[in-house]
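This report is meant for someone meeting the structure for the first time.

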Amino acid sequence: MNVLQTLEPIVRDVIAPAAADTDQHARYPRAALRALGQAGLLGLVSARAVGGLGGGLPEAVQAVERIARDCPCTAMVLTMHYCGVALIEPFAGDAVRRAIADGRHVTTLAVSEAASRSHIWAPAGTASEGDGPDDAGTVRLNALKSMITSAGEADSYVWISRATHGEGNTLWLVDSRLPGLAIPSRFDGMGLRGNASSPIEATDVRVPRDCMLGADGEGEPIKARYLMPFFPTLIATTSIGLMQGALQRAVAHVSATRFSDTGSTLGDLPTIRAWLARAWLQAEQARLLRDATVASVVAGDADTRVRLLQVKAAAAEAALSVTEIAMRVCGGAAFRKEAGIERLFRDARAASVMAPTTDVLYDMLGKALGEGAAIAPGVPGVPGIEPAAA
Ligand SMILES: Cc1cc2nc3c(=O)[nH]c(=O)nc-3n(C[C@H](O)[C@H](O)[C@H](O)COP(=O)(O)OP(=O)(O)OC[C@H]3O[C@@H](n4cnc5c(N)ncnc54)[C@H](O)[C@@H]3O)c2cc1C
């Protein structure tokens, strides 16, 4: 299928017209999800065998980038959905896989916790086997998830807990309507306001044991294999689409805004042209690194892990800078909602603090350098360099 062709009327008729409202009223983009579902795009990365479109990371990237240009909220909700599907597809039963492929089921990733904070590899939430007479075949989940996109809106959560037995973490597919799940406070965020990124509290939530995704204690290796290609790349892609949207709006504003005394436009000022050129370079560098990352994932290159860490950090930081430049070159006008720039400035802040945060990624990348990761293709690293943050 041609993802962009399918998407274009949905962006034009549903997503873009609702974008301001989504932000201003922190309204979850339900109509957008319905339209995406009807077009088959909620099942974009679902297997054809269950009725999905059989796409992969390259197709998901196209969809998320296009949507993020007009509504980063919708793009991030879709990002988390595709990430959840990446873990559901290999392990869950056909019924839920078919519902996703049919556009009837939205999922999301419920990883971050109030206790473990950015250390998402070390959840404090538990999954324990009950010992009551009616506990057979079930486990009880207890956790306080800190900020989960689509909380209370998604049909299911791909949930991580500590292992039921022994070391490691375990993944679960949790029906979002189960008793014991609560949203203690509603999300009223600075950016990505329409995402319903609220906390989720789980108190003795009874989940059938066969909702386990993969084996007990194997959550981290499973995430590394199935989730890793999608998660950093698609969050980076939200930032990339967002930067393109900010540049489009900034260029439109400076080209159309004139000084009455000279008749020239803001865009005629060499300083403004230079700022925009800088922003454009940053956006393009991130996009090209993203394309290299996708190519690396598809080819199964040895440096894929490093690329995945790099791309999220690079795109998130570039988006901070590009939206700051867009604010600067558009002056006071950028403060007004009509320009659409201040909203992108606020939305851009999220990717950098979404775990793994940029600072955690810098630490991981510094360690990889110290362990001799290749500095560039064909340029071997030097094992033993002590990274600053080690
Ligand atoms: C809009 C939005 C949507 C989100 N959606 C989801 C979702 O769908 N699912 C989900 O699971 N989570 C989601 N999150 C949560 C997110 O992934 C992070 O867990 C959360 O943003 C981290 O916030 P915190 O306050 O716990 O950070 P803290 O851990 O308190 O971090 C504070 C600062 O310390 C730094 N820091 C922390 N640990 C280290 C370290 N080891 N090395 C270096 N620096 C460190 C951080 O970089 C940060 O600068 C979302 C967050 C936002 C903002």
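## Domains and their contact

Across the interface of domain 2 and domain 3, the rule finds zero salt bridges, although two residue pairs in polar contact are found there, both at pLDDT 80 or more. On the side of domain 2 that touches domain 3, the residues divide into four nonpolar, two polar and one charged. The model discussed here is a predicted one, and the domain assignment of the protein places domain 1 at 3-106, domain 2 at 110-216 and domain 3 at 228-370. Seven residues from domain 2 and nine residues from domain 3 take part in the contact between them.

The centres of domain 2 and domain 3, taken over C-alpha atoms, are separated by 32 Å. Between these two domains an area of about 730 Å² is buried, and carbon and sulfur atoms give 76% of that area. Of the area that domain 2 buries against domain 3, 59% is supplied by Ser118, Met190 and Leu192, which is more than any other three residues supply.

The table sets out the relative accessibility of two residues, each with its place in the structure.

| Residue | Location | Relative accessible area |
|---|---|---|
| Asp135 | loop between strand 2 (126-129) and strand 3 (138-148) | 4% |
| Thr74 | helix 4 | 1% |

Asp135 counts as buried because its relative accessibility, 4%, is under 20%. The side chain of Asp135 makes a polar contact with the side chain of Arg140, at 3.0 Å, and, when residues up to four places away in sequence are not counted, Asp135 touches Gly130, Arg140 and Arg206.

Thr74, with a relative accessible area of 1%, is likewise buried. Apart from neighbours within four places in sequence, Thr74 is in contact with Ile15, Pro29, Ala32, Leu36 and Ile67.

Helix 2 spans residues 30-38, and its buried residues are Ala32, Leu33, Ala35, Leu36 and Gly37. What covers these buried residues includes helix 1 (3-24), helix 3 (57-70) and helix 4 (72-91). Two of the buried residues of helix 2, Ala32 and Leu36, are also among the contacts of Thr74, which itself lies in helix 4. Just after helix 2, Gly40 takes a positive phi of about 90 degrees.

Key:
Residues are numbered from 1 along each chain as its sequence is written. This is a predicted model: local features need pLDDT of at least 70, side-chain atom pairs count only at pLDDT 80 or more; totals for chains, interfaces and linings use all residues. Side-chain values use heavy atoms; hydrogens and water are left out. Domain bounds come from an automatic or database domain assignment. Contact means heavy atoms within 4.5 Å. Buried area is the accessible area (1.4 Å probe) that two parts lose on being put together, summed over both. A salt bridge is a side-chain nitrogen of Lys or Arg within 4 Å of a carboxyl oxygen of Asp or Glu. A polar contact is a pair of N or O atoms within 3.5 Å; within protein, one must be able to donate a hydrogen and the other to accept it, and residues adjacent in sequence count only if both atoms are side-chain atoms. Ala, Val, Leu, Ile, Met, Phe, Trp, Tyr, Cys and Pro count as nonpolar, Asp, Glu, Lys and Arg as charged, and the others, Gly among them, as polar. Buried means under 20% relative accessible area, exposed over 50%, partly exposed in between (1.4 Å probe, protein chains only).
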